[in-house]
Amino acid sequence: MVTRLLLVLLLTLLFSTSSPAAGSPHISAVISQSGLDFAKDLLVPRAAETLAQLSVPDIERSVSIPIIGAVRTVASRIVLGGVAVADSTVAAGDTGVVVAASLSSVNLTMEWSYSYSSWLVEISDSGNASVQVEGMDVGVSMGLKNKNGSLKLFVMECGCYMKDLDITLNGGSSWFYQGFIDAFSNHIRSSVENAIANKIVEGASKLDLFLGGLPKEIYVDRVAAMNVTFINDPRFSSSSVEFDIDGLFIPSDKTAPQSDMHFGDTKLAPPLGSSSNMLWISLDEDVFNSVSALYFKAGLLQHMVDKVPDQFLLNTASWRFLIPRLYRKYPNKDMLLNISAISPPSVRINVGRIDTTVDLDVTVIVLGSDDKVPVACISLSVAVSGHASVSGNNLVGKVELNYFSFDLKWSDIGKLHTGIVQSLMRIILKNLFVPYVNSYLGQGFPLPIIKGFVIRDAYILTSYSSIIVSSDVSFIEPMNRSGIAVVGPVSKDPVVTMKQLV
């Protein structure tokens, strides 16, 4: 029966009006069929638990009893007992998702009473009853829309079907039993079906509140936060649901803009929907270029070097024969190197590789008695290549030096020996610059994952202009508060917890 109910609900989705596809944003997240199954297996048992001890409104009817006539009869304190899920399924349609389940071992308890009054006699009786349900199917079809950058969930259809009822009455007069069963069985059926459907709709409204309360930004540090507002309506296929996310980094002291609009015309690599992995996240190279631009603007892409593996190189005495003017002007003085990016690093992603070009100024500074004196500046263009991986819920990376070129930008100490400068720059880049960059890339940036879930068995693909993360997920803890799993605090605490969803 669950298959028939699923088919009816799917037809509802197929004949619903769907929104046209819109422009692609900078992050695309696809939940595959195995991901939908995972979510279903997580939520359906919890939803079934909420049906236990569900109260059904009292039912009052006038029952016609032979000889006596019309008798006022009441079924009260109708309570659903334990519920077990025998089978469940989830499917995506054109405009939403359908979840259907078959329940087994459904039982109810209730009390019954009747009263009859005439000018001759007044009689009444009462007792209790148990109701065993032989099979029950429930199903709900839900749609998702984008509302001001958040997800809006709504129920399109919800149904419950009970097969057979076995009512056993206890107490009172046995002559009354069959009349009660004949009069009340259909009403009990419909009341219970309506109560269960209403409970499911109530649970869906809590899920809607939860989704609407997801943070719109992920705090990274005092400079940057990722804008995780949803762009466009979710797109449904026969085996997946795709969500578009803005994904660009914004200053952490600014609120992500609300939007129902379509951003940009960025081309994302198509997700590999045939894979058995639960989740696919595609990140455009603009995501990484946006954070490099933020850090550059904040003045963080610079580093003062006062220690090198060959420390003697940072003293003018080591240069007295190669750069005599430096030693004559500043004899036996220590030096610093100020390494500063002169423009935001440019990230380029292609099939099988990630490349970055960084333009730097390396300024040589002599430490005087009371001041610091810049004496020369070398302009560097540095090319590095790297790879990405997943650590926890963060996307991390590591780079290595490919090549570099340099020019003397200016000098107050005469011409510098090219070979010596090249050797020194190579030492600085390989032993200082690259490890410094990798220390930050090793911390990584958060992926848009709901808190309480963790990525597992992830692997990385690089396509034209995109990094694609393919993974499964695990549910690791109850959600004390909804939100995104991040390195730092989240700006808002949504109002619904996972425990309250069902």
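**Entry 1**

I looked up Ile 27 to find what it faces. Ile 27 stands opposite Ile 245 in S13. This is a predicted model, so I read each position as a prediction.

I then checked the strands around this pair. Strand S1 covers residues 27-32, and strand S13 covers residues 240-245. They run antiparallel, joined by 6 bridges.

**Entry 2: The six-stranded sheet**

Which sheet holds S1 and S13? I traced an open sheet of 6 strands, in the order S12-S13-S1-S15-S24-S23. The pairing is antiparallel. Strands of a sheet pair through backbone hydrogen bonds.

Next I looked at the edges. Strand S12 (235-236) and strand S23 (453-463) stand there. Each has a single partner strand, so one side of each is left without a neighbour in the sheet.

**Entry 3: Helices on this sheet**

I searched for helices that lie across these strands. Helix H2, residues 33-51, lies across S1, S13, S23 and strand S24 (466-475). Its direction is at about 65° to S1.

Helix H4 came next, at residues 285-297. H4 lies across S1, S24 and strand S15 (279-284). Against S15, H4 runs at about 55°.

**Entry 4: Ser 474**

What does its side chain meet in a polar contact? I found the side chain of Arg 456, at 2.7 Å.

I also listed what Ser 474 touches, leaving out residues up to four places away in sequence. The list is Phe 38, Gly 452, Phe 453, Val 454 and Arg 456.

**Entry 5: The three-stranded sheet**

I turned to an open sheet of 3 strands, ordered S10-S11-S14. Its pairing is antiparallel. Strand S10 (217-219) and strand S14 (249-251) are the edge strands, each pairing on one side only. From one strand to the next, the twist averages 35°.

I followed one pair further. Strand S11, residues 224-227, meets S14 over 3 bridges in the antiparallel sense. Ala 224 has Pro 251 in S14 as its bridge partner.

H4 turned up again here. H4 packs on this sheet and touches S11 and S14. The direction of H4 makes about 25° with that of S14.

**Entry 6: The second largest pocket**

How much space lies in the second largest pocket? I noted about 1,200 Å³.

I checked its lining too, which has 44 residues. Nearest the centre are Tyr 295, Val 437, Tyr 440, Leu 441 and Phe 445. The lining divides into 30 nonpolar, 11 polar and 3 charged residues.

How values were computed. Residues numbered from 1 in each chain as written. Predicted model: local features only at pLDDT ≥ 70, side-chain atom pairs only at ≥ 80, totals over all residues. Heavy atoms only, no water. Pairing = 2+ DSSP bridges. Helix = DSSP H or I, 4+ residues; strand = E, 2+ residues; numbered from the N terminus. Contact = heavy atoms within 4.5 Å. Axes fitted to C-alpha atoms, helices over the stretch in contact; angles between N-to-C directions. Polar contact = N/O pair within 3.5 Å; in protein donor to acceptor, adjacent residues only side chain to side chain. 1 Å grid on protein atoms, 1.4 Å probe; cavity = no way out; pocket = protein on both sides within 12 Å on 5 of 7 lines; lining within 4 Å. Points joined across faces, edges and corners; volume = space filled by probe spheres on them. Nonpolar A, V, L, I, M, F, W, Y, C, P; charged D, E, K, R; others polar.
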